[in-house]
Amino acid sequence: MPIWVDADACPKVIKEVLYRAAERAQIEITFVANQPLTVPPSRFLKTLRVPAGFDVADNEIVRRSEKGDLVITADIPLAAEVMEKGAVALNPRGERYSNATIRERLTMRDFMDTMRSSGIQTGGPSALSQKDRQQFANELDKWLLKG
């Protein structure tokens, strides 16, 4: 079961965790983006460049992911779609989305979109902390051990 990464917005430090995990676990990881990507030479690391456009990378990840695959994304609608196919979704902060939390996240995302479109400044997410990186590595390891 491969890992798919929504690479356009994936933090560099999380990509580095994934590079090491691919070698250690000998698992294929594909980084999907609409811009050129560079990954270390490895038979386990692949890049997939898609055309520019709204949700093109997300749609490709949904199309290619299968039951049991792991998808790394902070994109809530993408996480919801791959979960419907039976894939596991994990965000770069180490939160593994569940059926219980994904609906709540979608509702909050839509609410924040509405706030922003009405001109209210909502700010962005906080910087990735060491705790976030550790949580991500822990959740990744849990998934790898089950595979």
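This is a predicted model: local features need pLDDT of at least 70, side-chain atom pairs count only at pLDDT 80 or more; totals for chains, interfaces and linings use all residues.

**Helix 1 and helix 5**

I noted that helix 1 and helix 5 are roughly parallel to each other, where angles under 35 degrees count as roughly parallel, over 145 as roughly antiparallel, 65 to 115 as roughly perpendicular and the rest as oblique. By class, the residues of this contact of helix 1 with helix 5 are 10 nonpolar, no polar and 3 charged. Here Ala, Val, Leu, Ile, Met, Phe, Trp, Tyr, Cys and Pro count as nonpolar, Asp, Glu, Lys and Arg as charged, and the others, Gly among them, as polar.

Residues are numbered from 1 along each chain as its sequence is written, and side-chain values use heavy atoms, with hydrogens and water left out.

I looked up the geometry of the pair: helix 1 (residues 12-25) and helix 5 (residues 130-146) pack at an angle of about 25°, and their axes are 11 Å apart. Axes are lines fitted to C-alpha atoms, for helices over the stretch in contact, and angles run from 0 to 180 degrees between N-to-C directions. Helix 1 passes helix 5 in a right-handed crossing; a crossing is left-handed if the near helix is turned anticlockwise from the far one by less than a right angle, and right-handed if clockwise.

Which residues of helix 1 meet helix 5? I listed Val13, Ile14, Val17, Leu18, Ala21, Arg24 and Ala25 on helix 1, which meet Arg133, Phe136, Ala137, Leu140, Asp141 and Leu144 on helix 5. Contact means heavy atoms within 4.5 Å.

**The chain as a whole**

I counted elements next: the chain has 5 helices and 5 strands. Helices (H or I, at least four residues) and strands (E, at least two) are DSSP runs, numbered from the N terminus. Their order from the N terminus is β-α-β-β-α-β-α-β-α-α.

Of the 147 residues, 39% count as buried, with buried meaning under 20% relative accessible area, exposed over 50% and partly exposed in between (1.4 Å probe, protein chains only). Among contacts with a separation of 6 or more, 48% come from residues 24 or more positions apart.

**Helix 2 and helix 3**

I then took helix 2 (residues 56-64), which packs with helix 3 at an angle of about 15°, the axes being 9 Å apart. Helix 2 and helix 3 are therefore roughly parallel to each other. In the contact of helix 2 with helix 3, I find 4 nonpolar, no polar and 2 charged residues. The crossing of helix 2 and helix 3 is right-handed. On helix 2, Asp58, Ile61 and Val62 meet Leu78, Glu81 and Val82 of helix 3.

What do the buried residues of helix 2 pack against? The partners are strand 1 (3-6), strand 2 (29-33), strand 3 (45-49), strand 4 (70-72) and helix 3. The buried residues of helix 2 are Ala57, Asp58, Glu60, Ile61 and Val62.

**Lys85**

I placed Lys85 in the loop between helix 3 (76-84) and strand 5 (88-90). Lys85 counts as partly exposed because its relative accessibility is 35%. Lys85 and Arg63 are 22 residues apart in sequence, and their C-alpha atoms are 9.6 Å apart. Apart from neighbours within four places in sequence, Lys85 contacts Val62, Arg63, Arg64, Ser65, Glu66 and Lys67.

Is Cys10 buried or exposed? Cys10 is buried, at a relative accessible area of 7%, and sits in the loop between strand 1 and helix 1. Not counting residues up to four places away in sequence, Cys10 touches Val5 and Lys15.

I found Ile102 in helix 4 (residues 99-117), buried with a relative accessible area of 6%. Leaving aside neighbours within four places, its contacts are Ile76, Ala79, Ala80, Met83 and Tyr97.

**Positive phi**

Most residues other than glycine have a negative phi. I noted Gln26, not a glycine, with a positive phi of about 50°; Gln26 lies in the loop between helix 1 and strand 2. Asp55 has a positive phi near 65° and lies in the loop between strand 3 and helix 2.
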